[in-house]
Amino acid sequence: MPFQSLRLSLRFLLPLALVLVLFAYAAVPLTEKLTVRWFVRDLDIRSQLLASALEEPLLTYLPQKARRQINQLFDRAIRDERLYALGLCDAAGSLLYKTATFPASIPCNRPAQGKVGSENRAMLRLPQGAVHVSESDLMQDGVLVGRLLLVHDMSFIERRSADTRKYVFTMFALLALVIAVLTVIIAQLSWRGWVNGVRSLLRGDLLLRAPAAGAPAEMQPLIGDLRNLLQEYQRDRQQDGGAQVSAPDKLRALLHNELAGDEVLVVSNREPYIHVETPEGVEVRRPASGLVTAVEAVMRACSGTWIAHGAGSADRQTVDKHDRVQVPPGDPTYTLRRVWLTKEEEQGYYYGFANEGLWPLCHIAHVRPVFRFTDWEQYVAVNRRFADAVVKEARTSNPVVLVQDYHFALLPRLVRERLPEATIITFWHIPWPNAESFGICPWRTQILEGMLGSTILGFHTPLHRKNFLDTVDRYLEARIENEASTVSYGGKLTQVENYPISIAWPDQPGPDGQDVAQCRASIRHALGLSPGHLLGIGVDRLDYTKGIPERFQAVERMLELHPEMVGKFTLVQIAAPSRSSLDEYQNFEARVRQLTQRINQRFGSGSYLPIILKAEHHEQNEVNRYYRAADVCMVTSLHDGMNLVAKEYIAARDDEQGALILSQFTGAAMELHAALIVNPYHIEQSAEALYQALVMPVAEQKARMRSMRTLVRDFNVYRWAGRMLLDASRLRQRQRVMSSIHAHGGRSVRID
C-alpha cells in the first residue's frame with residue numbers, strides 16, 4: 001500500500017511539475033514584455049518632461065546662435081545617467097547642435113513614427129547597445145524652429161529584465177516544490193480513510209443504516225445524504241422522472257413524500273373563480289385563462305391556498321373576515337384568498353407595468369412597450385403586498401409556493417427573504433425574449449434578481465429557457481451551469497428548465513353528458529346553421545398577440561380561392577374581452593369588429609355569415625360544446641407561451657375527428673406535430689391549411705387526432721407539476737449535500 005501510494009503521488013507530482021514549468025516558460029516572455037513596456041513608458045514621460053524643461057532656454061538661445069550656452073545646457077542635461085545624448089536639428093532637418101555622445105547613425109530626418117508615444121518604434125539597436133529615441137518639436141509663435149532629439153540608454157532595462165527572468169524561474173520552482181510536498185503529505189494522511197469510506201459506501205453497506213466502515217470522521221455527516229442521492233438515482237433509472245405522476249392522487253403523494261409537506265400556496269393575479277353581481281343575483285364565473293385551466297387542476301389535487309387579486313364586483317361580499325372563500329363552489333377542495341387593490345394600484349401594476357410594459361416586451365408582437373416610473377412603483381408595492389399575504393397564509397416555515405406569471409417577477413426574492421426554507425416554484429407563462437430585447441426594460445436587473453429567488457424557474461420551451469439564461473449572463477454577475485441549467489446568484493441556486501404546460505385530461509369529455517353528435521346538432525341549431533354546415537372555432541382573449549385579424553384574413557382568402565365554400569363554412573370566434581381600459585386593446589377590438597363586418601358584408605348573404613364574432617365571456621362547458629361541434633380549430637397566435645386551447649380541443653374530441661390548425665409560434669407546435677402547422681403571417685398558407693382541414697378524409701383526421709390525444713393524455717398537467725416538484729426536491733437535496741460538504745472541510749464530491 002505505501003508503494004502504491006507513493007507511485008500515485010509521483011504520478012501526480014510529475015504532471016504538476018511539468019505544468020508549472022510550462023507556466024514559467026509562458027510567464028517569462030510576458031513578464032519581460034510588460035517590464036520593457038513599463039520602462040519605455042517611463043522613458044517617454046521623462047523625455048517629455050526634459051524637453052519641456054529645455055524648451056524655454058533653447059528658444060532664447062537659438063535666435064542668438066549662442067552655441068556655447070546651448071552646449072553647456074546639453075552637457076548639464078546628460079549628467080543624468082539614463083540620458084545618453086542630445087541633439088538639436090533645425091526645421092530643414094540639419095543637425096545644428098549635439099553632445100559628444102550623440103550617435104551619428106541617428107539622422108534628423110527620422111520617420112514620423114519616431115515621435116514620443118510610439119514606444120516600440122522609438123527603440124533602436126545601436127552598436128553600443130539599445131537606446132530609446134524621442135523627438136520634441138520646438139515651436140515659436142506657431143512656427144516650427146527646430147526639433148530636439150533625446151537619446152536614453154536602455155542597458156539598465158535589459159539588466160533588470162534578466163534579473164526578473166531569474167526571479168520568475170526561481171519563484172515557480174519553489175512554488176512547485178512547496179505544492180508538491182504539501183500535496184503528498186495531505187494525500188498520504190487522508191487517502192486511506194477516504195478510499196475505505198467510499199468503498200464501503202458503494203458496497204453492500206449502501207443499503208444499511210449503519211455508518212460506512214472505515215470512513216473518516218469528517219465523512220460521516222455526508223454518508224446519509226450521499227446514500228439518499230444514489231438511491232434516488234437508481235429510482236430515476238427505473239422511472240422517467242415525473243412520468244408516473246399522471247393523476248391527482250399521485251401528484252398529492254409526490255408532494256407529501258418528496259417535499260415533506262402538504263401546504264401549497266399559489267400566487268397569481270387572476271383568480272380561479274370570480275363573483276359578479278347580476279340582475280339575478282351573485283354569479284360565479286371562471287375566467288378565460290390557460291393559467292387558471294392548468295393550475296386549478298393542481299390545486300384541486302393538492303388543496304392549499306390560492307392567493308389572487310379580488311377583482312369581481314361581488315368578491316368582497318363572498319369572503320370571510322380573513323378575505324378567504326372556499327372553492328370550487330358546491331365542492332370546495334382549496335381556499336381562495338383575495339388581495340384587494342386600489343384603482344391606482346391596479347392601473348399602475350396591472351394595466352401599466354405588467355400589460356403595457358412586460359406583455360408587449362415579451363411577446364414581440366409589434367406593439368411598443370411602455371415603461372413609466374410610477375407604474376414601476378406600483379408594481380413593486382403590489383409585489384410586496386402579495387409577499388405579505390404569502391407569509392401570512394403560510395402555516396409552516398417551508399411551504400411550497402407556486403408563483404404564476406409575469407405579474408410577480410419580484411415576488412420570489414421577497415418571499416425568500418422572509419421564508420428562506422420555502423420551496424418557490426415560479427412559472428413564466430408567456431415567452432421570454434432574447435437578451436437584447438429584454439434590455440429595453442429599465443428595471444431589468446431588479447426583475448432578474450427577483451426571479452432568481454426561485455428554487456425552480458420554469459418556461460414553456462427550450463428557447464425561452466435559453467433566452468432567460470442568456471439574459472442573466474448579459475446583465476448579472478451570476479454563475480451559470482449550462483449543462484445542469486442552474487444559476488447561482490447571491491448564494492442561492494435556481495434550477496431553470498422548460499416544463500411544457502398541459503391540461504387535466506377530462507374524465508368525461510362531453511359536457512352535461514352530450515356526445516359529439518348532440519353537440520354538433522345543438523350548436524348548429526343555436527347558430528341557425530344547417531346540420532351539414534362546416535364549422536370552425538377560435539377561442540381566445542381579445543388580445544393582439546392571438547392573431548385574430550390574421551385568422552379572419554385567412555378565412556377571407558380561403559373563400560376567395562375556393563368559392564364553393566361560400567355559404568358552407570362559418571368560423572365562430574369566441575373572444576373574451578381583456579384589458580379593455582387600455583387604448584391598444586380598445587383599438588384592437590375596434591379593428592377586429594371592422595374586419596368582421598367587412599368580410600361578412602363581402603361574402604354573407606341572407607342569414608349566412610362567414611364569421612360569427614362572440615366578444616363575450618363563455619363558461620368552460622359551453623366552450624367544450626363548441627370544440628366538439630367544430631370541424632376545425634384555428635390557433636393562430638403571433639407569439640405565445642404554450643396556448644392550451646389547442647390541447648383543450650384535442651381532449652374534447654373523443655370521437656377522434658376534427659382538425660387542428662396551429663401557429664408555429666406557439667409552444668404547443670413543438671409537441672403537436674400532427675397538427676397543420678402554419679405561419680400566421682402567411683395568409684395564403686393559413687388559407688390553404690384551412691381548406692385542407694375542411695376536406696380532410698375522416699381516416700386522416702383520426703390518425704392525426706389519435707396521435708395528438710395520446711400525447712396530451714400522457715403529458716398532462718399533473719405530470720407538468722410533478723416534474724417541477726421532483727426537480728425542486730432534487731435541488732433542495734443537492735443544496736443540503738453541498739452545505740454539508742462545505743461545513744466539513746470544503747471537500748467536493750461529484751455524483752454523476
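Predicted model: local features only at pLDDT ≥ 70, side-chain atom pairs only at ≥ 80, totals over all residues.
**Notebook: patches, bridges and buried spots**

I began at the surface, where Leu30, Leu34 and Trp38 form a nonpolar patch with about 320 Å² of accessible area together. For patches I used residues with over 30% relative accessible area and no salt bridge, joining nonpolar side chains (Val, Leu, Ile, Met, Phe, Trp, Tyr) within 5 Å and like charges within 9 Å. Accessible areas are Shrake-Rupley values with a 1.4 Å probe, and for residues only the protein chains shown count as cover.

Residues are numbered from 1 along each chain as its sequence is written, and side-chain values use heavy atoms, with hydrogens and water left out.

**Leu34 and the overall picture**

I placed Leu34 in helix α1 (residues 2-64); helices (H or I, at least four residues) and strands (E, at least two) are DSSP runs numbered from the N terminus. Leu34 is partly exposed, because its relative accessible area is 30% and the class lies between buried (under 20%) and exposed (over 50%), with a 1.4 Å probe and protein chains only.

Next I looked up the totals: the protein has 20 helices and 23 strands, and buried residues make up 52% of its 752 residues. The protein exposes about 35,100 Å², of which carbon and sulfur atoms supply 52%.

**His152**

I found His152 in strand β5 (residues 143-153). Is His152 buried or exposed? His152 is buried, at a relative accessible area of 1%. Its side chain makes a polar contact of 3.5 Å with that of Ser47. A polar contact is a pair of N or O atoms within 3.5 Å; within protein, one must be able to donate a hydrogen and the other to accept it, and residues adjacent in sequence count only if both atoms are side-chain atoms. Leaving aside neighbours within four places in sequence, the contacts of His152 (heavy atoms within 4.5 Å) include Leu43, Arg82, Tyr84 and His132.

**Cysteines**

I counted 1 disulfide, meaning a pair of cysteine sulfur atoms within 2.5 Å. Which residues does the disulfide join? Cys89 is joined to Cys108, with S to S at 1.8 Å. The link is left-handed, with -75° about the S-S bond. Both Cys89 and Cys108 are buried. Cys362 is in no disulfide, and the nearest cysteine sulfur, that of Cys441, is 8.8 Å away. Cys362 counts as buried at 0% relative accessibility.

**Salt bridges**

I noted 34 salt bridges in the structure, each a side-chain nitrogen of Lys or Arg within 4 Å of a carboxyl oxygen of Asp or Glu. One of them joins Asp640 and Lys546 (3.1 Å, N to O). The two sit in loops 94 residues apart, and both are buried.

Glu556 pairs with Arg602, the closest N and O atoms being 2.9 Å apart. Glu556 lies in helix α14 and Arg602 in helix α15 (residues 583-603). Glu556 is buried at 7% relative accessible area, whereas Arg602 is partly exposed at 44%.

I also checked Arg706, whose salt bridge with Glu656 has its closest N and O atoms 3.0 Å apart.

**Helix α17**

My last entry is helix α17 (residues 645-652): 8 of the 8 residues are buried, so the helix is largely enclosed by the rest of the structure. Among the buried residues are Lys647 and Glu648.
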